[in-house]
Amino acid sequence: MTWTRERWARIEEVFHRVAEAGADRRPAELAAACAGDPELRREVARLLDADEPAADGVLDTGIGVALHGHDPLIGRRVGAFELVERIAEGGMGTVYRAERRGADFRQEAAVKVLRLGLSTPAMRERFVRERQVLARLVHPNVARLHDGGVADDGLPYIAMELVSGLPIDRYCDQLRTTVRGRLELFVAVCRAVDHAHRNLILHLDLKPSNVLVDENGAPKLVDFGVAALLQDVAAGADAAVAVTRNRPLTPEYASPELLRGEPVGVAADVWSLGAVLYELLTGSRAFRPTGSDIETARAVCETDAARPSAAFGDGKDAVARAAARSATPGELVRALRGDLDRIVQKAMRKEISRRYASCAALADDVERYLGGFPVLARDPSLGYRASKFIGRNRLGVAAAFTVLVALVGGLAATLRMAAVARDERDAAALARREAESARDRATAASVRAAAETAHARIEAASSQEVAEFLGDTFLSSQFLVDPAERDAAVAMIRRRAEQVRQRALDPHLGANLLHALGRSLVRVGAFSEAENLLKEAAAIRREHFGPGSLENALSLGALGRMWFTTGRLDEAATALREAYALHRDRPHDVHTDLALAANDLAAVERALGNVVRARDLHREALALRRESGEPVLVAESLNNLANAESDPAVVRQLLEEALALRENVLGPDDPLTIQSRTNLAAARMQQGGYAEARPLLTLAIAKGRSLGALGAEGLGVALRLAAVCDLQLGDAAAAEAQIEESLALDRQRLGEDNVRLATPLEIRARIREGRGRWGEAALDWRDVLRFRTTMLPRQHRSLPLTRCSLGTALVRAGDVDAGLAEVRAANEAITDSDASVGDRLDASLHLALAEEAAGNVETAERLLRDAARRCDETPEAKGRREAFANHLRTFLARHPSSGTGR
Amino acid sequence: MDSTPRPESTGDALPDSWTVSALYDEIRRLARGMMRRERADHTLPPTALANEAYLRLIGREGQTWKDGNELLAAAVTTLRRILVEHGRRRLRLKRGGGVSRAAIDTDQLPAAATDERVVALDEALQRLAEFDPAKAKLVELRFFGGLGVDDAAAVLGISPRTAARDWRVARAFLQAELGEGADRDDLDS
């Protein structure tokens, strides 16, 4: 049929009017519209009859069905395989399910037939070579190459392992895989790509549809068939451009350099993995297709993708996408914000040099995130590292409080509790011995992560390759308590070391790598393995750079630190003294090296009892660190030096500065800042500054409660200090509240019957005395004495003093006989103990007052006069002169009849 | 390979049918991307699509298109031409009987039923184009390009609603025409 345009327009108009009317009204509509034009009526009626879609619907579905339904290659033999059905259309060809049948086997494969013929000999050669390389690519997460070649009729093909699975994004959505589960899958994908890179193959077409997840949940990389060989890329830009030009790109996942036709390397795959991760996490693409590939490409090259967390929040279908991740939109945004945002962004940096150096580095960082470690994608602010550290390893924080313990000791003296101080130190030492000493010190060492991090970076900076190869893993690996975790880490490091050895690298680089790996092993706690690696590295360094080299000094330092950690003090001292000397003799352009050497050596000297030497070294380290200006390290040295100095005023000044620095750099809520606050409070108390100390403690306790930053032990210490402050400030009721809370925490942590309860119980006893509740005080003293008797050697000075306190409490509670007996026994025992003159005077005072209470006034007077006289014997005792004179005066006032002539 | 017929009308550029289905897929892929495009700016030459196979099929060296729509439409037209050439040739062979079947690898061509339909539709489309070229183009995109109504509307720059209306009447016309052809089953013989 054919009409004029005008006639057709008329027919069309009537057709629509009638067709859009209800079925029952159509005849009437048609009749009305075509009144007087039976021809028109017939023509429209004919069209209306043909209005419904045809039975086969071919017009609507298009020719495609017919075309695909009759794929000429189906049933065709390609190499050993027969093509069975189409599976997918790829950029470079069509993928078929294919079968190979033998006499007694049947093998399935995915056969990709390349669309482009191999028109030139060079292309053919390249294809053959690629196939050979792919054949070597054997990895559980990479679809294996079975076969490949050129079929009889010239069709190039590649036969790969047939993976029956879903693209990774659809797989995850279907199973509602959580963010964590997605990350775990993603790590496996990264490792597979990294494996390919190590075999010098770039994938260059990574996208969700090329990562299938099989029925066992294992991801498989497919479609390496068009990958590029790294050596081609390395051969020059021409080859690289050829690689990119020959490929139909998927610009949403392609890196800017790939889109621009510039030379590409592993960074291109890192980018694509970043884009895949983006989509896995958010459900939307980093760069959405714009309809024009070139527009999309331009967006990729010129604009920044929204942060994943922000991209997620924008979506209208946010609830559905979150549900596909078994989360709510809010939960998902919170999960993505921060580290995951940064990881994706670092993978998708426009500048190649700012991306992860390798897929392994990307995988490592994701694993760090999963393990709660600091991620490299984040700027390594120390506050951030510290917060990660606290979150992961509270043990380390507890160890940091050994500083405090010593300071609490100092404070106790002003409370006439000198003995308590020493006990506390002893108790701490005991507890350290109880714990595996190596472990304890290792955690102490990891508290110094800040310092070590800076140091490690210097070492890494000496060789760019070190950082690239290791992916900086050693920077954040930490002491691992879980044996399984540790084994896994050790195995990984061992593998890497083996790779280093096999690679015949130049000695500088090889030794650096082994050294860095050895340090990782130390952190992980695998000391004997670490020693082997460090020694191996040291030997190489000595051989190639000489014993006076910086390299050798660094090796000695690392070995010394490790020996110190494992308690081999003599070996540690030898190594660290030598390392220190080497650093000293070198023009120390890098102050941090010498500072660290001094700091480490100080720790050993102190442990060996060389207190003055330790102090001098800490002073030197502090001076050096002040020059280099890294505030966190300066604060660390201030703290260490405070622990080594004896003058309370100096100690206090150091700690004031440390706190100011930490508050400034790390912020008020950082665990290190809070800890500094407690330390400074203790120092102020030591000088009698209870009123100044109390606000610091109030703040520390509040933060400790709300942030958990101090840990239970740290909070307990702060509460205990606060109790002492309150008592000294005259508020015994407040003091009691603090000490009760502290005790509750300690009991929860240590159990009811732990010797470490002695100190808090003593403080409570004194508070109870202060409130006149002598009977309750006696109960506490009895517990304290019991703990100390089991804990301390028999001659220990604090045993008789504690017993005196118990006796006095009993006397004041009204049980004079029992009390006097205790005090007398204590005074007899003190002659055999290593108590000081001051201690003995104190014991005499207890005895005098007890004798007085028992009515033995003469004995009491004699004791008091004797004690007052002996106050001049030693400087320590001199401090008591006034107090004892007072005691004597008030005694005489109570007993006006006595005191004649003496 | 030498025995494969090369339809003279399109010269050496005409690919075999396997590549035709590849082109079809390429068109679908392109169209899918275009569905989501922003209409505002298409200023860059789409040759930058850099798909050599694609370009070789649908154009001469150096040819450019105003935008992706034009490129896509050209690709669909090329595909239609190729398919129709194939169909005509094979029907001729079948009916002519003068050429040995062995001379052609029939597996490489769409099935005969498709040939007839393709040729008949092509003729009907040519008639439609005489008085309504826009709707003929719409059908071409839908049938030969495999585009959905919305995609086709986007390529033609009309609203999806208009496209749906146009499609309905065009389809009615074609089905009426083809039905008539079926009624006159023995016309050719």
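Modeller: Of the 189 residues in chain B, 41% count as buried (20 or more other C-beta atoms within 10 Å of a residue's own; 12 or fewer is exposed, in between is partly exposed, and C-beta atoms are placed from the backbone). The model is a predicted one, in which local features need pLDDT of at least 70 and side-chain atom pairs count only at pLDDT 80 or more, while totals for chains, interfaces and linings use all residues. Residues are numbered from 1 along each chain as its sequence is written, chains are lettered from A, and ligands are numbered from 1, in the order in which they are written.

Chain B has 7 helices and 0 strands (DSSP runs numbered from the N terminus: H or I of at least four residues for helices, E of at least two for strands). Its pattern along the sequence is α-α-α-α-α-α-α. Of its contacts between residues at least 6 apart, 67% join residues at least 24 apart (a contact is two C-beta atoms, placed from the backbone, within 7 Å). In chain A, 50% of the 902 residues count as buried, and there are 47 helices and 11 strands. There, residues 24 or more positions apart make up 60% of the contacts with a separation of 6 or more.

The helix for the close look is α45 of chain A, residues 857–870. Its 14 residues should span 20 Å at 1.5 Å a residue, and its end C-alpha atoms are 20 Å apart, which agrees (the expected span is 1.5 Å times one less than the number of residues). Buried in α45(A) are Ala860(A), Glu861(A), Leu863(A), Leu864(A), Ala867(A) and Ala868(A). These residues cover an arc of only 165° around the axis, which puts them on the same side of α45(A) (the arc is that of the directions from the helix axis to the C-beta atoms). An α-helix has 3.6 residues a turn, so residues three or four places apart point the same way. The face of α45(A) turned away from the buried side carries Glu858(A) and Arg869(A), both exposed.

What do the buried residues of α45(A) pack against? They pack against two helices of chain A, α44 (837–853) and α47 (881–894).

Of these partners, α44(A) also pairs with helix α43 (residues 816–829): the two axes come within 9 Å and cross at roughly 150° (axes are lines fitted to C-alpha atoms, for helices over the stretch in contact, with angles from 0 to 180 degrees between N-to-C directions). The pair α43(A) and α44(A) is therefore roughly antiparallel (over 145 degrees; under 35 is roughly parallel, 65 to 115 roughly perpendicular, the rest oblique). Their crossing is left-handed (the near helix is turned anticlockwise from the far one by less than a right angle; clockwise is right-handed). The contact involves, among others, Leu820(A) and Val823(A) of α43(A) and Leu847(A) and Ala850(A) of α44(A).

Elsewhere in chain A, helices α33 (residues 611–628) and α34 (residues 631–644) have axes that come within 9 Å and cross at roughly 160°. They are therefore roughly antiparallel to each other, and the crossing is left-handed. Among the residues that meet are Ala614(A), His618(A) and Leu622(A) in α33(A), and Leu633(A), Leu638(A) and Leu641(A) in α34(A).

Helix α35 (residues 648–666) of chain A has 19 residues and reaches 26 Å from first C-alpha to last, close to the 27 Å expected at 1.5 Å a residue. Its buried residues include Arg652(A), Leu655(A), Leu659(A) and Arg662(A). After α35(A) comes Gly667(A), with a positive phi near 95°.

Most residues other than glycine have a negative phi, and most peptide bonds are trans. Leu204(A) has a positive phi of about 70° although it is not a glycine. Leu204(A) sits in the loop between β8 (201–202) and β9 (211–214), and it counts as buried with 23 C-beta neighbours inside 10 Å. Ser326(A) has a positive phi as well, near 50°. Ser326(A) lies in the loop between α15 (318–323) and α16 (329–336) and is partly exposed, with 15 other C-beta atoms within 10 Å.
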